[in-house]
Amino acid sequence: IEEPLIFEIGRSETTGVDLPEPAPVKSRLGKHARSNPVALPGLTEPETMRHYVRLSRQNYAIDLGIYPLGSCTMKHNPRLNEKAARLPGFADIHPLQPASTVEGAVELMAELSRWLLEMTGMSAVALSPKAGAHGELCGMMAIKAALAARGETRTKVLVPESAHGTNPATAALLGYKVEPIPAREDGTVDVAAVRERLSEDVAAIMLTNPNTCGLFERDIVEIAEAVHEVGAYFYGDGANFNAIMGKVRPGDLGIDAMHINLHKTFSTPHGGGGPGAGPVVLSDKLAPYAPLPYLRTEDGKPVLVEDPGETETGAKPFGRLTAFHGQMGMYVRALAYMMSHGGDGLRQAAEDAVLSANYLKARLGDVMTVAYPERPAMHEVLFSDAFLEGTGVTTLDFAKAMIDEGFHPMTMYFPLVVHGAMLIEPTESESRASLDLFAATLRDLAMAAGRGETDRFAGTPRFAPRRRLDETRAARSPSLKWTKPEPRPIEPAEAAE
Amino acid sequence: IEEPLIFEIGRSETTGVDLPEPAPVKSRLGKHARSNPVALPGLTEPETMRHYVRLSRQNYAIDLGIYPLGSCTMKHNPRLNEKAARLPGFADIHPLQPASTVEGAVELMAELSRWLLEMTGMSAVALSPKAGAHGELCGMMAIKAALAARGETRTKVLVPESAHGTNPATAALLGYKVEPIPAREDGTVDVAAVRERLSEDVAAIMLTNPNTCGLFERDIVEIAEAVHEVGAYFYGDGANFNAIMGKVRPGDLGIDAMHINLHKTFSTPHGGGGPGAGPVVLSDKLAPYAPLPYLRTEDGKPVLVEDPGETETGAKPFGRLTAFHGQMGMYVRALAYMMSHGGDGLRQAAEDAVLSANYLKARLGDVMTVAYPERPAMHEVLFSDAFLEGTGVTTLDFAKAMIDEGFHPMTMYFPLVVHGAMLIEPTESESRASLDLFAATLRDLAMAAGRGETDRFAGTPRFAPRRRLDETRAARSPSLKWTKPEPRPIEPAEAAE
Amino acid sequence: MRYLPLTDSDRADMLAAIGVETIDDLFVDIPDDKRVDGALQLPSHRPEMAVETALKRLAARNVPADSVPFFVGAGAYKHHVPATVDHLIQRSEFLTSYTPYQPEISQGTLQVLFEFQTQVAELTGMEVANASMYDGSTATAEAVLMANRVTKRRKAVLAGGLHPHYRAVVETTVGMADDALVLLDPDPSGTEDVISAIDEETACVVVQCPSFYGHLIDLKPIAEAAHAKGALLVAVFTEVVALAAIEPPGAQGADIVVGEGQSIGNPLTFGGPYVGLFATRQKFLRQMPGRVCGETVDADGERGFVLTLSTREQHIRRDKATSNICTNSGLCALAFTIHATLLGGTGLTRLAAVNHAQTVKLVERLEDVRGVEVLNDTFFNEVTLRVDRDAAAVIEDLAERGVLAGVPVSRLLPSAGLDDLIVAAVTECVSDDDIEAFATTLAEVL
Amino acid sequence: MRYLPLTDSDRADMLAAIGVETIDDLFVDIPDDKRVDGALQLPSHRPEMAVETALKRLAARNVPADSVPFFVGAGAYKHHVPATVDHLIQRSEFLTSYTPYQPEISQGTLQVLFEFQTQVAELTGMEVANASMYDGSTATAEAVLMANRVTKRRKAVLAGGLHPHYRAVVETTVGMADDALVLLDPDPSGTEDVISAIDEETACVVVQCPSFYGHLIDLKPIAEAAHAKGALLVAVFTEVVALAAIEPPGAQGADIVVGEGQSIGNPLTFGGPYVGLFATRQKFLRQMPGRVCGETVDADGERGFVLTLSTREQHIRRDKATSNICTNSGLCALAFTIHATLLGGTGLTRLAAVNHAQTVKLVERLEDVRGVEVLNDTFFNEVTLRVDRDAAAVIEDLAERGVLAGVPVSRLLPSAGLDDLIVAAVTECVSDDDIEAFATTLAEVL
């Protein structure tokens, strides 16, 4: 069933919100009053409900099935967390209310900080970053500020080729030149390769661990030492923290800054693209540079420091990343998730996530091409499309055929270091039955491709709300908003009527 | 996609609820302790979420499209009402808490009563009935009690043939003999036909108005007078009250008792079959017999009277219909709905409901057979299947073909007074566009049937979660619960392995 | 008017399409002199914000169970319902669908009902269950009427441990149906002799376990005695969680088991909506009231579910129906089923164990309080306390001190001379601190 | 562990299928001496009930806006959000889906984004909008960076009416990117001269309207002056509802319009998550940061939507990307779109009118209070008050009396010498009683 756009069914004079009559006062808008009313269509409440309920049914979602996007950690979103975030004491408080009226909120932020610090073994946390990439910015700004405090201006940042695009983008935003580090044959970074590129010009290395090939960087401790030797800092991308919660602490590995995606590891729902939250944990060396606002303990009570004039000795906040204090709604959800799991449950979750990924690797290894078969996978497993070579089935075909089987495809074509990459992350939320069904379906498709059954793949998806969409056309002449269709020209015959 | 039963995927040892360890105490269950643990399967929370979300998607719902079931009044369910019903002050209070701790709840019941009484023009209301049929029972018990108080035992209840099945069932439950009243050719009851059957043996007449043919009973005032003349009572079935809210008050027509389906007229959601609520309004004559508990005003404050020993002079409650005080959750929703509409909005809603039904009648009258074309329809319009005669398309085919067009069928084969009845109630919640699309689809189907295109109908639905289900088989050898499948007998060849 | 999609121009167009001038032309069949002239004496429509504010104000005048030490039971119980349950029942497709009369597009609701019936049958130890009743009290009345039909007798014996409201509902319903009742005296001691009240005219004996006063009752000898006289045993419960701890009525010979399912999945909500559970033996199936869902196949041979055995119901049978029930408690049954699925056997057992353990703790703690005596030898999560003052006054005093401590028996049985009794319930929501608060505050007021 | 579906026997089977003995065999790549030995110093897993109770306790230590007369604004606003909005955004299919990278099974999200972009473009009076940023402050920083790219200049002028936090965020971001800034003095009077700060090196001038202090600013001459020097005008708003009352920045010549969308559809939530709006001219499209959704067709020729222009983004462009933003505010944008759809043009206009009218009422009422002066000549729903005491102390005194009366300017600008100023906002949630309470209580403490 097709659902029109609101612009096609709504009317500007219709409204689904009853409001009181405005009091008859003299306007104080002056000459600034709008000359034309807003031309947006409205729908009544029943129409609105139906429009968006129908639209929603065109989406895939975790609540419908496995969502195996590698590096995205799409896990179960507990509804307790949604309920908690909506308590009036959290959802209906203003960031600039007097501190005496928000003590519980500040205490919650402090509690969340304690969990994050204990899990990562770091010294300080900057809560305010609004997403992972924002956290990267925060961490790299802290590094830049720490260097500046030392009177240094370094110019380069090392980033492995397998990194998320946000890493180089972040480094570039701060004016750094990005230098790629190649990976070893086994998919990990060699400390020797890092040493080669290290110099007094290098501000930092940005490394994801476990990396986006699904592997734990075995040389990480040596890399950290080498980086520190030249006076550079180690930025750890925490996108894959789900694999190692409770198993190893980034602080113990020599990492200086790392963001935590609350919307991945701690299950705040991704909401079709956000919002997320990307608190950054910092080592002793970087802790003084944490941005405003930050938490300090006064008389045993946590206090939010918003004011640069008021900072205690030693604190040198590099600035402010966002208005107000960050993503409170996500903090509540993440803390609820942490408390529900406990330290024991978080560790178990990491173990189950890794177990499930390796199980899929074992189940699929004979019919698909495991990119790095030698090392255990962490919480995600990377395949290349070598098994499709010569079958006539493209990598994209393979992904779209999965849609017809009722599954969301894995991450495709990332990381770039592998040809036709397919990165599968099942997470700990899948049952054995779900993993088995998923594996059986992929086996079936891989074998069909192997047998050259291209018909099964061509033109997929066939049973989705849409068939394959023309992305080139969308990019070539972008149509980014609805515009009123031109009135159909009147045919002469009609006009004559 | 097929969704298994929980018994096929769950395990008794799995649980999706974490509970504390019970304290180590000495059991006081005595010899009554269970000998075998409950053998019910559990699912973890992510599995439970997915199971029921997937199941839900096999349902049609108002939020997905028009739900034109005649006499069911499936209208928009505002979410404000859901939110209000979940306020802790309403959802988390116990019916037997001290009265001093539930004053707001009692006030809400009193406020709801005021609205119901003003809208119906009656003297008293019994809130506790849990559904429409329960309300019928309540009203008829009040009548029986009133007769008993007069020392009379009457034996008969008059019910028109077009009545809902609950009417005769209710009368029979109270030991009355049900006497049918035929309808006139125009679908309404003739006062003369009623007079013929009236006698001192008649306890009551049960009449739905507007009736289930979608017509207003024009002789209703005369009928009421005739009924009262022989000392009988007039029970009005309020199922179709949506047509006349704010247009006419049942009390002004001579009705003595009438239930109001809060889940129809006042939009408490039907929830796939309930719960509902069926408060009963009573005339002066019946008011003293209202069951316990009832509301009384004391010192300007409403008080719930639960105790027969405490009743004021004149009150002669006929007993108790249910534990506690009735459907509080529905009262909150219904009152929110009433307050949102206001008196003006409720009247407008009735007018729009009637307008929409008549609009469909006008749009469809030439291709389908309007059962009673002479009189204006009220909020629902009745068709017979005469237009399908000789087309090879059955009435059931016609209904099931609507499913493939994306619509829920109308009420079929009811009322029984019309051959192949199709009763359409659009309600006031449908937009003009929705009505037009529905009408166009029905026109298209009716014309296709007229052209003898039986292929379009045979075997429908084809695009629903299930094709036509074998109801005979279900009734012949009922399978009402899941039973463990017999283990598959081992084949000799396998056994030999 | 945010709920009404028709605009004035729609209305004008539609009137024209119908061929009438004004909307009142469609109301011509209403007698002129009876039409409402102008507006009713009701407020006008109001913004959502205003309605919400008004209702919040009313809600704020009540004391939620969650906000105080809470021991009120007596037929409705404060349990913790997982957030998942309430989220799922609010899915549009469950919340805003009708009774599944078109099964092809209602398999969601139907499969849930099939799961529900299976769960109820297992919990009660019975062979078949229906798709829900309004609540436990009305289910009990229906059970008595059904026993009368099955036995073709007209006299029911109601035990003294039956919840007074349930008893009143049966009295009203059965009395109005002109059938007979034997009402045994209230039984706070849990020692009554039900068996000797059963005779050859008895259709059924109705026994609640755990009783209203919290006692666990041995149903087996009662069932045997009833069967010996050709009568049925109707077993009743108000706390369904108990069935995970005690021997189910089905295993003790009950013929009909009815009760309240609110404890699983449903909030207190001041008494409703709740969900009545109804189970019986296979052989009585066609005398069972209420909807049932059954398994079948579709035209492709796929398993599917439908409402079935409708020949028992009022749609078809009209005045010969087994009951007049139509709308039942579908959404509450859904909540029950989801919560029971989350719990599973293991969770249910654990939940029952926690309830019982906390109750034992309360009972043991109250031993130290002067002026109060626990009447129960056995119990599950509810007990009867005898206090040495007027119980209703004690409850009021405790409420003033912020403890909602139970129900005075006199509230339900005002003239039974049981003015010194309190029924108190203890669930998993009761903490050790709550128990301590109860005990110390009780000591203060006694 | 209610969230973990694998059982111990599953785990054992899976380890066997993998061919390892213990789970730690899969963690061998972690250096031995760095592995966490045993448990972290964290509490163990807890029942849902316990977590809920703990969080409710924390929540109860905050004062919700709804519970008091509430005038706090300064960048985040208490508006009424219809229940429909929150219900819809909690639909599993919206809440638990990822960024729509597979458009065939993400049309729900994508069509919403297309509707969102259209709504934002219309409200701001611009040609194109993106699919959301984190919030208004980060959107402002991105706008400055974009203006630098577009003009190939590196100096931005920030007006004194810009929200101090926004200014700080721009300062931090642009400063760290080694670009230059001209910061004009705070402008509580609304009379500053922005134009003379613009020169030939200026990339953009950033002006907020309504300003932080509530003044309405004539953007047109500023735009003209900027354009004359080859600079862009970045127009900022923190209260999106204002755009329904005042001339949109697009109509006044703004080149980039950014702001906070929280007011429509989203709760206060102590500062986040919110939703940044970002709109610009068609010609700057390829320099715009953030995701955009575009219309296209599928293989059958049916209309459909996809994320597009990804060559601007970090996935493809890596260190050449227009921004590093990836996750944005999808669900908040959904809430915005649904609320805006419910409102429609008529509702938005009415909402703005009610906000303005209530604000006028407050201003008029405060005329009668000694010791307070309203600095604004024009305003929408927010004004600056000068009081004859320390503003922070006044706010604390009012809070103690149960009135949350606004924000002392010194909280955001501690060393600007503006210690006697309060910024107060008035929305449709403020009743006449609230205004009266503000005025009388203020009179008490002054």
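Over all chains, the structure holds 136 salt bridges. A salt bridge here is a side-chain nitrogen of Lys or Arg within 4 Å of a carboxyl oxygen of Asp or Glu. This is a predicted model, in which local features need pLDDT of at least 70, side-chain atom pairs count only at pLDDT 80 or more, and totals for chains, interfaces and linings use all residues. Residues are numbered from 1 along each chain as its sequence is written, chains are lettered from A and ligands numbered from 1 in written order, and side-chain values use heavy atoms, leaving out hydrogens and water.

**Stop 1: inside chain A**

Select Lys247(A) and Glu351(A). They form a salt bridge, with the closest N and O atoms 2.7 Å apart. Lys247(A) lies in the loop between β5 (233-237) and α10 (250-253), and Glu351(A) lies in helix α11 (residues 328-364), so the pair ties together parts of chain A that are 104 residues apart in sequence. Helices (H or I, at least four residues) and strands (E, at least two) are DSSP runs, numbered from the N terminus.

Are these two residues buried or exposed? Lys247(A) is buried, at 2% relative accessible area. Glu351(A) is buried too, at 11%. Buried means under 20% relative accessible area, exposed over 50%, and partly exposed in between (1.4 Å probe, protein chains only).

**Stop 2: from chain C to chain B**

Now select Asp218(C) and Lys31(B). Their salt bridge has its closest N and O atoms 3.4 Å apart. The pair crosses between chains: Asp218(C) sits in the loop between β4 (202-208) and α8 (219-228) of chain C, and Lys31(B) in the loop between α1 (6-9) and α2 (45-56) of chain B. Asp218(C) is partly exposed, at 30%. Lys31(B) is exposed, at 66%.

**Stop 3: from chain D to chain C**

Move to Asp66(D) and Lys56(C). Their side chains meet in a salt bridge (2.6 Å, N to O). Asp66(D) lies in the loop between α2 (48-59) and α3 (83-89) of chain D, and Lys56(C) in helix α2 (residues 48-59) of chain C, so the pair joins two chains. Asp66(D) is partly exposed at 42% relative accessibility. Lys56(C) is partly exposed at 30%.

Next, select Arg11(A), Arg363(B), Arg432(B), Asp436(B), Asp10(C) and Asp13(C). Salt bridges that share partners join them into one network.

**Stop 4: chain D against chain A**

Show chains D and A together. The contact (heavy atoms within 4.5 Å) takes 192 residues from chain D and 206 residues from chain A. The two chains bury about 17,000 Å² between them, 63% of it on carbon and sulfur atoms. Buried area is the accessible area (1.4 Å probe) that two parts lose on being put together, summed over both.

How many salt bridges lie between chain D and chain A? The count is 16. Pick Glu104(D) and Lys400(A), whose side chains meet in a salt bridge (2.8 Å, N to O). Then colour helix α10 (residues 330-366) of chain D. This helix gives the most to the side of chain D that touches chain A, with 25 residues.

**Stop 5: a sheet in chain A**

Finish on an open sheet of four strands in chain A, in the order β10-β11-β13-β12, with antiparallel pairing. Strands β10 (369-370) and β12 (411-412) of chain A stand at the edges, each with a single partner strand, so one side of each has no neighbour in the sheet. Two strands pair if DSSP finds at least two bridges between them. Select β11 (residues 381-384) and β13 (residues 422-424) of chain A: they pair in the antiparallel sense over three bridges. Leu382(A) stands opposite Leu423(A) in β13(A).
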